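I opened the model and kept notes on what I looked up.

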Amino acid sequence: MTRVAIVGVGHSKFGDRRDVSLPELGFEASKPALLDANITPEDVEFLSVGIAGTWYEDFLPAVVVSEYLGLAGKGLMRCEAACATGSAAVATAYNMVKTGQCDVTMALGIEKMMGVDGPTMTEVIGRAGYYLWEFHNFGMTFPGYYALHATQHMKKYGTTEEQLAKVAVKNHKYGAMNPTAHFQRPITVDDALSSRVVAWPLKLYDCCPVSDGAAAVILASEEKAKTLTDSPVWVESIGISSDTASVSRRSDFLGLRATVKAAEKAFKMANVKPDMFDVADVHDCFTIAEILAYEDLGFCEKGKGGQLVEDGQTEIGGKIPVNVDGGLKAKGHPLGATGTSMIVGLTHQLRKEAGKSQAPIKNGLALAHNVGGTGHYCYVTILRS
Amino acid sequence: MTLKPPKRTLKSRPITFASEIATQKLSEFWSGLEKGEVYASKCRKCGSICFPPVADCSRCLGSEQEWIKLDGKGEIETYTHIAIRPASFKEHEAYTVAVAKMKEGVRVLAWIADANPTEVKIGTKVKLVAKNPESGLTYAFTICN
């Protein structure tokens, strides 16, 4: 089977994008991706659109977007895997090339969330478990789910609120260097610790924002890639896993089983080990989620994730730079766009064009870890330059 | 934020709906709550005890269940105090959600009724009780002293 290369990437500004419609936002990501690959819409044979939201005025938003991008008539699929929707779109576009069905495909992750009021969005996203058993009577919220993990992790391993705050401080530091990030200002540990409680022990600065945004990735077969670019980034493997909808059916809250399983699959397929990566984007929808990811991906021992960030080992210059594009925390988390945004950021890293937030690239290996829900879905994508 | 609020938007026509959730196959569970009891399902074929209860067993694919009354004794494994609430819970004060492991081995997610946050800890013993308020059948933990 052919290898699959990333030959073009594009990224919109993330943030409050009520100035543009959904298709216009998609255009902001697809146009630079096409220009980067030096191709036209005509060359794209298949489009996967990652959109998680159910709140759009359009029932078929992927079709509206596809038309606007000039891709009507091409193969088209809407993909959904909660907050890992963008990665599901990448996996779909990748598979179309890998299986020889297409030479050039595009994965577009996109979401608009700012037009929905806060309590209603909390209502919708709070249903990201098992509605009948967790929301109907108990009003679970998305921060609430991750708070269940934080509480148990803090008790078992001594992880502190300060260590959680340090994840936020790190990601805001790098977000400030990323012109496409939702938040572009550094924060302090005190800012984070003094922010209001959302779902104890998680506070406002432990939570990523609701954002609008889009990011696009163009994939090509090895043969085609050779004609398009001198600096392909190869998709080495994509590990996919999932877990129960009901969190009460899980044996503990100390990690995400879906991450462990997805990583095992991805590492095995790419024949790599966790200590080989130069840079990683992990799913930091909440600060505790980044700490769980360090441990579940094998960047440190179980229970040592808090220490890893406290020691600065996940900053540039540390053992494994993580979320140096600002992460979901500062870059923003437009659900469907997050997975494709990770691939865009890591492609820039592997091409050594990430500017101020460039990590040293030694092995030419990067990892994207994208979780849907509270470990309901997980996609681990491994890239090589 | 560098972006300004939008100068021009328009609102779509509104849609409202509420899903109808089928609970018929788990009638015994809901009737149990009416009687003040909380049941788990137990597969007649493989013996799997499930909470939330199920009509079909995902382990052995059996579709015959018996109902076992949970003793109610459990221990908190984790919890959170939810301050920022969804739109449909805006009338509630902040509430505490816990996951407890029950004597029978299953875990239950529910509110801790009248929780005093200082009393709620991992390892705290709780009792699971059925509730039948005007707002609808439910169940909750109470702290055992």
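What percentage of the 385 residues of chain A count as buried? I looked this up before anything else, keeping in mind that this is a predicted model. The figure for chain A is 62% buried, out of 385 residues.

Next I checked the secondary structure of chain A. I noted 14 helices and 11 strands.

For the dimensions, I took the C-alpha atoms of chain A along the principal axes, and they fill a box of roughly 55 × 45 × 40 Å.

I then looked at sequence separation in chain A. Taking contacts between residues at least 6 apart in sequence, I found that 78% join residues at least 24 apart.

Then I turned to the interface. I have 33 residues of chain A in contact with 33 residues of chain B. On the chain B side, the elements that give two or more residues are β4 (73-82), β5 (95-102) and β6 (107-112) of chain B. β4(B) gives the most, with 6 residues. I sorted this side of chain B by class and got 21 nonpolar, 8 polar and 4 charged residues.

Which strand of chain A is joined to β4(B) by bridges? I found β5 of chain A, residues 197-200, with 2 bridges to β4(B) and an antiparallel run. For Trp200(A), I recorded His81(B) as the bridge partner in β4(B).

Conventions
Residues are numbered from 1 along each chain as its sequence is written. Chains are lettered from A and ligands numbered from 1 in the order in which they are written. This is a predicted model: local features need pLDDT of at least 70, side-chain atom pairs count only at pLDDT 80 or more; totals for chains, interfaces and linings use all residues. Helices (H or I, at least four residues) and strands (E, at least two) are DSSP runs, numbered from the N terminus. A residue is buried if 20 or more other C-beta atoms lie within 10 Å of its own, exposed if 12 or fewer, and partly exposed in between; C-beta atoms are placed from the backbone. Two residues are in contact if their C-beta atoms, placed from the backbone, lie within 7 Å. Ala, Val, Leu, Ile, Met, Phe, Trp, Tyr, Cys and Pro count as nonpolar, Asp, Glu, Lys and Arg as charged, and the others, Gly among them, as polar. Two strands pair if DSSP finds at least two bridges between them.
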